[in-house]
Amino acid sequence: MTEETTTTFTGQAPPPVRDWPVPDLDGTVFDPVLAELMREGPLTRIRLPYGEGWAWLATRHEDVRLITNDPRFGRAGVTTRQVTRTAPHFEPRRGSLAWADPPDHDRLRKPVAGAFTVAAMKRMRPRARRMLDALVDGVVADGPPADLVERVLEPFPVAVVSEVMGVPAADREQVHAWTRQILSTSGGAEAAERGLDGWIRDTVRARAAGTGDDVYSLLGAAVARGEIGEEEAVGLAGPLQTGGEAVTHICGQLLYLLLTRPELMERALDAERRVPLLDELLRHIPHRSGVGPARIALEDVDLHGVRIAEGDPVYVSYLAANRDPDVFPDPDRIDPDREPNPHLAFGNGPHFCTGAVLARLQTELLVDTLLRRLPGLRLAVPAEEVRWRRRTMIRGPQALPCRWD
Ligand code: HEM
């Protein structure tokens, strides 16, 4: 693909193509390349470490909302091309929510939607609290110090998502090992995907007559009724299973901020005023490395005097949109009283995060339980000794060694 043949412009020179190497970053630092791209203009062009060619990148809140909710941009076209991208492995499959466009996307989302509603999550809350309390019981019994990533932040979301999905206790370790590998960019993802896919296929088949409200029973029943195909069920369940892991790393970043910023910890200890703080932290935390899945322009679209041509790949950055100074004054500052706070941490439009209510539930429970049951919680090592995940799509601390009173 060359820029001359695929792109026409409405009188404005095309922005240069910028290389975005997507480096490993420590702590909650905002990617400096993304910051530079935001300064350059609302629409820039980028070349990521993998795939081919270049893509547009939109960073303003208004444009990100437009592109993610506009049928002139679709996901399905990305699956047949080698679009420039953040991660090395790329195997989109039938049924994956992330790659489907409406109306197909609506058909696929329908069978699982019931398991993730506000009402379903309300029913889940006491079970989730019990699972979390059991984990923290172990931490309290063993006494300080403890690595809260290993002891709580990893096992809790896996247990909760496995409960929502209906993974039998005996299989949880193996399923977790696969999802962890899939999310890593360090290789081995294809084998893990094959392993997880095979397991999901068997589980969905075994629940064809399922009447339960767990996701695998809902999928088994939807396949049996002919609403979705078996491969589609596999494509649906995989990302749900891996999506749960995001909570581990995002809550890791969130906790790190509380543990290193006394004014934030003080605010977090005030349960009455905690929810707006958590929202502001979700806005501020740089969840991911690089960008998520691309979209393809399905027709020519003029934006900011630039023509995005039909067939051009387009990325949005939710992280950048969350720092748009026109929407969030003084965007780099964490302001727990920010009002309104229309952040896009869970995305926007048809692909809005399926697990957003579940993620919020877990985040609230984690902060509440850890601060209540581990009084005086603090890092057991200097902040600069906390090690951060490497070559990963979702950023977070590798470990959070902590002490308490
Ligand atoms: C999609 C954020 C937790 C399942 C997304 C998207 C974002 C996001 C930004 C992409 C929107 C797009 O493609 O335009 C988060 C954050 C989480 C979290 C910040 C935790 C704090 C979860 C959990 C689950 C989940 C717990 C499931 C159990 C999914 C799925 C999609 C998705 C299946 C694809 C939806 C679609 O394409 O229709 N999430 N997520 N996520 N998330 Fe989450």
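The structure is a predicted model, in which local features need pLDDT of at least 70 and side-chain atom pairs pLDDT 80 or more, while totals for chains, interfaces and linings use all residues. Residues are numbered from 1 along each chain as its sequence is written, and side-chain values use heavy atoms, without hydrogens and water.

**Exercise 1.** Locate the protein donor to the iron atom and describe the shell around the ligand.

Solution. Step one: donors are N, O and S atoms within 2.8 Å of the metal (3.2 Å for Na, K and Ca), and sites may look incomplete because water is not among the atoms. The iron atom has a single protein donor, SG of Cys353, 2.3 Å away. Step two: Cys353 belongs to the loop between helix 15 (318-321) and helix 16 (356-373); helices (H or I, at least four residues) and strands (E, at least two) are DSSP runs numbered from the N terminus. Step three: the shell, counted by heavy atoms within 4 Å, comprises 14 nonpolar, eight polar and three charged residues. Here Ala, Val, Leu, Ile, Met, Phe, Trp, Tyr, Cys and Pro count as nonpolar, Asp, Glu, Lys and Arg as charged, and the others, Gly among them, as polar.

**Exercise 2.** Determine the geometry of the aromatic pair formed by Trp54 and Trp56, and the position of Arg45 relative to the ring of Trp56.

Solution. Step one: rings of Phe, Tyr and Trp (its six-membered ring) pair if their centres lie within 6.5 Å; planes under 30 degrees apart are stacked, over 60 edge-to-face and the rest tilted. The whole structure contains four aromatic pairs. Among them, Trp54 and Trp56 are edge-to-face, at 5.5 Å centre to centre with 90° between the planes. Step two: a charge sits over a ring if NZ of Lys or CZ of Arg is within 6 Å of the ring centre and within 35 degrees of the ring normal. The charged end of Arg45 sits over the ring of Trp56, 5.9 Å from its centre.
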